[in-house]
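Dear colleague,

Please find below the structure that I am handing over to you, followed by an account of what was found in it.

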Amino acid sequence: MSILMQTYKLTIKGRVQGVGFRPFIYRLAKEFNLYGTISNNSNGVEIYINSNNIDDFIDLIQTKAPPLSQIDDIKYNKIDYIDFQDFQIIQTLESGDIKVNIPPDISICQDCQKELFDPINRRYGYPFITCTNCGVRYSIIYDLPYDRDNTSMKKFKMCKACKNEYNNPLDRRYHAQPIGCFDCGAKLKLIGRTILTPTIKNIVKLIKNGDILAIKGVGGYHLICDATNSKAILKLRERKNRPTKPFAIMVSDIDMAHHLAYINPQEEKILTSKERPIVLLKAKNIDSNIAPNISKIGLFLPYTPLHLLILNELNRPIVATSANITDEPIATTTTDIKKLSNIYDYLVDNNRDIVNGCDDSVVMVVQDRTIFIRRARGYTPISIKLPFQLSQNILAVGANQKNSVAIGFDNQVIISPYIGDLDGIASVEYFKQSIENLKRIYKFQPQLVAYDKHPNYESSKYAKTLSIDKKEVQHHYAHILGVMGENSITQKVLGVAFDGTGYGDDGNLWGGEFLISDYKGYNRVAHFKYFRLLGGTKAIKEPRRVALSLLFDIFGDEVLGLQNPTTLAFKPNELKSQYIIWKNGLNSPLSSSMGRIFDGVASLLDISQVVSFEGESGIYMEEYYDYNIKDSYPFKIEDREIDISLMIIEILKEQDKTISISKFFNTIVEIIYTIYQKYNLPLVLSGGVFQNRVLLELILDKIPTAITPTQIPPNDGGVALGQILAY
Ligand code: ZN
Ligand code: ZN
Ligand code: FE
């Protein structure tokens with residue numbers, strides 16, 4: 001077989017840097033005795049290769065690419081013959097636009113795991129073992145290109161053994177930036193009231209002893225304790241001032257996960273994936289203090305060698321919750337975490353700095369669809385390809401709760417990880433820092449800033465200080481556009497945006513909206529009839545205020561003589577003053593929010609009168625839903641207004657919570673279905689209310705073609721993408 005060797009130039013785009021792509025090509029070339037070069041460039045990698053069968057070579061690249069890589073595009077052309085004498089990896093200096101994707105933080109790989117538990121390996125038990133195929137990336141990057149000097153590994157000078165691995169193209173650790181070992185890498189510290197050496201045995205002893213520990217992970221600190229020890233869990237609840245909000249649980253392995261929860265194959269796949277998010281599951285055997293009154297549980301598997309070592313030794317589940325001060329972002333520095341020293345007994349710290357904070361991701365599976373509740377570690381930063389080109393560089397600052405920001409250029413949008421609620425000064429600082437990080441890493445200069453209409457959002461206030469062009473985007477329109485954009489939908493849709501509250505065009509607080517939308521604008525074709533939020537923001541924490549308002553709308557002052565769970569939740573004089581507030585419209589903005597309607601119904605049925613975390617009443621209501629009940633309540637739609645007063649009257653008469661809650665869910669689905677049939681357009685669902693598993697399940701049952709968020713969360717974390725896409 002004598003076919004002429006020819007020289008080809010290949011350009012590969014996608015996530016091909018920092019993921020072992022060049023050594024992979026190097027090994028491939030060596031294996032097949034091919035000569036040429038490979039180098040990184042600002043778009044990806046560039047290969048020159050002498051081959052007599054380029055198609056086979058490209059096939060091999062596509063089928064055998066390294067686990068963390070993602071090939072978006074391969075282009076090649078024949079060029080004048082170059083007489084290469086071997087195959088070489090060429091180092092290049094980066095310049096120009098950065099179009100490569102930053103690799104996310106990935107859980108420990110099988111090879112590293114094997115070495116971690118191999119007594120003769122030089123990294124046996126090393127809590128920071130890593131290689132090209134796993135470990136920290138995004139969280140340690142200061143700048144691109146992704147080189148050790150641009151990460152927080154810069155301060156660790158590699159020992160000889162590590163350096164040899166780093167420089168050997170045939171080694172799994174070739175150019176793996178975060179590598180280290182006992183001699184040269186990051187080290188554990190154990191700080192507490194007694195001085196203990198920072199060994200896994202000692203850490204495990206403390207956990208077994210019922211102590212609360214703060215542990216530094218990938219993108220921040222966790223607070224942890226033994227999940228089988230009720231006393232420890234209650235201690236954590238009390239110290240964290242978190243009475244009922246569910247805690248996530250980290251388990252040793254998938255077997256332990258199966259012991260604690262019902263897990264279907266798709267959920268198992270996500271649990272064991274390299275991203276290792278928290279997956280919301282149906283609980284089996286769980287201490288009742290972990291998620292009081294809820295049959296769901298958030299589980300995840302160890303994703304760092306440190307977590308793996310601890311859980312392997314402990315062989316029990318642990319509570320693992322993000323460490324942050326109320327209204328502040330996740331703690332990422334020793335200074336941050338020390339502010340929480342009243343909560344933990346011991347601190348398991350280390351000297352590798354976290355550059356970019358990143359919370360745990362949270363997902364759930366509903367009818368085979370993976371829904372992100374929080375998109376962060378393992379998945380971010382994400383890059384979304386748009387169905388069209390943007391004419392400008394756009395910065396979107398997102399909403400005020402569950403904030404994420406985004407930058408858009410060409411036909412691409414990069415979304416930051418979950419930043420959190422912008423309620424405190426520290427959070428706003430973190431938000432600004434996140435924008436600066438994106439700008440620096442992607443060498444991005446915004447020409448236009450997009451922000452929410454709400455005048456009091458911290459994100460909007462910040463946007464208005466920038467001296468570039470601006471666009472204001474209505475909150476719910478942004479919710480719908482985000483889902484359209486990520487699903488590459490270019491036609492008109494019927495968008496259903498159900499959430500807490502967002503600022504409407506008329507200055508009222510919207511949140512139960514039907515918007516016929518495209519990228520040019522929207523038409524609000526239906527919404528829930530306005531009701532008053534008595535006491536403004538107080539009504540968000542107190543479902544009883546919403547219910548009372550709904551009752552005043554129907555019965556007026558007769559409510560003062562009614563006896564039901566809502567009126568009984570107030571003292572008689574409080575009732576009277578609430579009536580005056582309602583009648584005069586004092587500090588009680590009008591709202592059409594679906595989230596608040598859930599709250600109102602929860603109060604009428606005495607499910608919850610005052611809540612301690614967002615979405616609480618909806619989660620409790622899920623528990624009562626009975627799939628055998630098919631009836632629903634009457635409702636009216638007149639002149640674009642959806643009137644649910646008939647339903648409220650019926651709910652008041654119903655004693656059985658299972659019946660009334662089931663009928664309530666069915667009614668909401670009926671309302672969506674009625675409007676959907678009227679317009680016969682693709683249905684797009686967005687907004688935090690669609691995190692309600694029962695509601696989403698029921699709608700997807702009835703309208704299987706409904707389009708849901710796939711990469712962005714349905715909650716306000718998805719708003720920034722939509723803001724970029726608006727007109
Ligand atoms: Zn590895
Ligand atoms: Zn070393
Ligand atoms: Fe929202």
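In what follows, a residue is called buried under 20% relative accessible area, exposed over 50% and partly exposed in between, with a 1.4 Å probe and protein chains only. This is a predicted model, in which local features need pLDDT of at least 70 and side-chain atom pairs count only at pLDDT 80 or more, while totals for chains, interfaces and linings use all residues. Residues are numbered from 1 along each chain as its sequence is written, chains are lettered from A and ligands numbered from 1 in the order in which they are written, and side-chain values use heavy atoms, with hydrogens and water left out.

Zinc site

The zinc ion (ligand 2) is held by the SG atoms of C159, C162, C181 and C184, at 2.2 to 2.3 Å. Donors here are N, O and S atoms within 2.8 Å of the metal (3.2 Å for Na, K and Ca); water is not among the atoms, so sites may look incomplete. The angles among the 4 donor atoms run from 104 to 116°, and the zinc site is tetrahedral. Four donors count as tetrahedral if all angles lie between 85 and 135 degrees; four count as square planar and six as octahedral if opposite donors are over 155 degrees apart and all others between 65 and 115; anything else is irregular. The zinc donors follow the spacing C-x2-C-x18-C-x2-C. C162 belongs to helix α4 (residues 160-167) and C184 to the loop between α4 and β6 (188-192), so this pair ties together parts that are 22 residues apart in sequence. Helices (H or I, at least four residues) and strands (E, at least two) are DSSP runs, numbered from the N terminus. C162 is buried at a relative accessible area of 0%, and C184 is buried at 8%.

Iron site

The iron ion (ligand 3) is coordinated by NE2 of H475, NE2 of H479, and OD atoms of D499 and D716, at 2.0 to 2.3 Å. Its site is irregular, with angles of 87 to 166° among the 4 donor atoms. H475 lies in helix α13 (residues 475-486) and D716 in the loop between α22 (693-702) and α23 (719-725), so the pair ties together parts that are 241 residues apart in sequence. H475 is buried, with 0% relative accessible area, as is D716, with 10%.

Strand β24

In strand β24 (residues 509-518), 10 of 10 residues are buried. Strand β23 (residues 493-503) pairs with β24 in the antiparallel sense over 8 bridges; pairing requires at least two DSSP bridges between two strands.

Yours sincerely
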